Amino acid sequence: MNRSRLALTAAFAALAAALAGGCGDPGGLRGAGATPSAQGPTHLWPDLPAPSAPAEDYGAIESVRVKGVRVPGGDLRKVDPADVVRADFEQNPGTYDTADSVYEQTVERLDDCAEKDSGARGRCPVLKAYYRDLTGDGKDDLIVGVSTPDDNLDIRVYAEQEGRLTQIMEMSDAVLGVELAGRALIIRAVSSLPGYEYHTVWSWDAHQKTMLPTRDEIVRSTHAPRPKTPRPAPAESGAR
């Protein structure tokens, strides 16, 4: 037995002797002081009438089929992400209005992705694609980001379902960062409150057959943008 193990054995032996001796503690039960009374949930305004409609449709995502793009062997890694995004934007404007200048400019830039000229392809707004099994079906899904002229990032996720290419998520925001955690997509976005940012967790919902924002929170952040104009300093006491 080496010295470290001998020292550890001696320490345990001393501790056992101290516990056996009790060190003046009779070993009986002792009170922990007053315990605060448990408080159950209080229902506020229990007589409120049922709402006629939701306040907004945030998170009301529906899966959308993308036509015209073949997925060889059901493997999305064999498909050009730019081809998928270009076909999807033309068929499914998503959060955009087709008459919106941002949408029109984005579609024009997506055409550059198909050009053979390196200069034109350099203007392609489709970022590096990522792959992850988000639906849990054992096949990698396709995650793409598109830089739009309004300095936002349009994020779309695609799955191959029963031989069909399907868009299962689409959102656009002033994105600070995107993370993959297991089968969840975590998006950090700018908040209108200086020094804070939004964290939205998107997860696959087997009933809706889409990715849904299952958690949305606003958190303090040292990396979030702050006001460009500093707030005026408070006046000194006694100043006139």
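The structure is a predicted model, in which local features need pLDDT of at least 70, side-chain atom pairs count only at pLDDT 80 or more, and totals for chains, interfaces and linings use all residues. Residues are numbered from 1 along each chain as its sequence is written, and side-chain values use heavy atoms, with hydrogens and water left out.

**Overall make-up**

- The protein chain has four helices and nine strands, where helices (H or I, at least four residues) and strands (E, at least two) are DSSP runs numbered from the N terminus.
- Read from the N terminus, the order of elements is α-β-α-α-α-β-β-β-β-β-β-β-β.
- The chain holds 240 residues, and 32% of them count as buried; buried means under 20% relative accessible area, exposed over 50%, and partly exposed in between (1.4 Å probe, protein chains only).
- Among contacts (heavy atoms within 4.5 Å) with a separation of 6 or more, 43% come from residues 24 or more positions apart.

**Helix H2**

- Helix H2 covers residues 81-91, and eight of its eleven residues are buried, so the helix is largely enclosed by the rest of the structure.
- The buried residues are Pro 81, Ala 82, Val 84, Val 85, Arg 86, Ala 87, Asp 88 and Phe 89.
- These buried residues pack against helix H3 (101-112), strand E2 (130-132), E3, E4 and strand E5 (164-173).
- At the start of H2, a side-chain oxygen of Asp 80 comes within 3.0 Å of the backbone nitrogen of Ala 82.

- Leu 76 sits in the loop between strand E1 (64-65) and H2, and is buried at a relative accessible area of 1%.
- Leaving aside neighbours within four places in sequence, Leu 76 is in contact with Val 71, Tyr 131, Asp 140, Asp 141, Leu 142, Tyr 158, Ala 159, Glu 160 and Leu 165.

- Arg 164 belongs to strand E5 and is partly exposed, with a relative accessible area of 37%.
- Not counting residues up to four places away in sequence, Arg 164 touches Arg 65 and Ala 159.
- The C-alpha atoms of Arg 164 and Lys 67 are separated by 8.1 Å, although the two residues are 97 residues apart along the chain.
- Thr 166 also lies in strand E5, but is buried, with a relative accessible area of 5%.
- With residues up to four places away in sequence again left out, Thr 166 touches Ser 63, Val 64, Arg 65, Val 157, Tyr 158, Ala 159 and Gln 161.

**Disulfide**

- The count of disulfides is one, a disulfide being a pair of cysteine sulfur atoms within 2.5 Å.
- The bond joins Cys 113 to Cys 124, with an S to S distance of 1.9 Å.
- Cys 113 lies in the loop between H3 and helix H4 (118-121) and Cys 124 in the loop between H4 and E2, so the pair ties together parts that are eleven residues apart in sequence.
- The torsion about the S-S bond is about 90°, so the disulfide is right-handed.
- Cys 113 is buried, with a relative accessible area of 2%.

**Positive phi in loops**

- Most residues other than glycine have a negative phi.
- Asp 151 is not a glycine but has a positive phi of about 65°; this residue lies in the loop between E3 and E4 and is exposed, with a relative accessible area of 71%.
- Glu 162, likewise not a glycine, has a positive phi near 55°; Glu 162 is in the loop between E4 and E5 and is exposed, with a relative accessible area of 75%.

**Second largest pocket**

- A pocket is an open set of points on a 1 Å grid over the protein atoms alone where a 1.4 Å probe fits, with protein on both sides within 12 Å along at least five of seven lines; lining residues have an atom within 4 Å of a point.
- The second largest pocket has a volume of about 210 Å³, the volume being the space filled by probe spheres set on the points, which are joined across faces, edges and corners.
- Its lining consists of Leu 127, Lys 128, Tyr 130, Ile 143, Val 144, Gly 145, Leu 153, Ile 155, Val 178, Glu 179, Leu 180 and Leu 185.
- Strand E3 (141-147), strand E4 (153-161) and strand E6 (175-181) are the elements that give two or more residues to this lining.
- By class, the lining has nine nonpolar, one polar and two charged residues; Ala, Val, Leu, Ile, Met, Phe, Trp, Tyr, Cys and Pro count as nonpolar, Asp, Glu, Lys and Arg as charged, and the others, Gly among them, as polar.

Terms used. A polar contact is a pair of N or O atoms within 3.5 Å; within protein, one must be able to donate a hydrogen and the other to accept it, and residues adjacent in sequence count only if both atoms are side-chain atoms.
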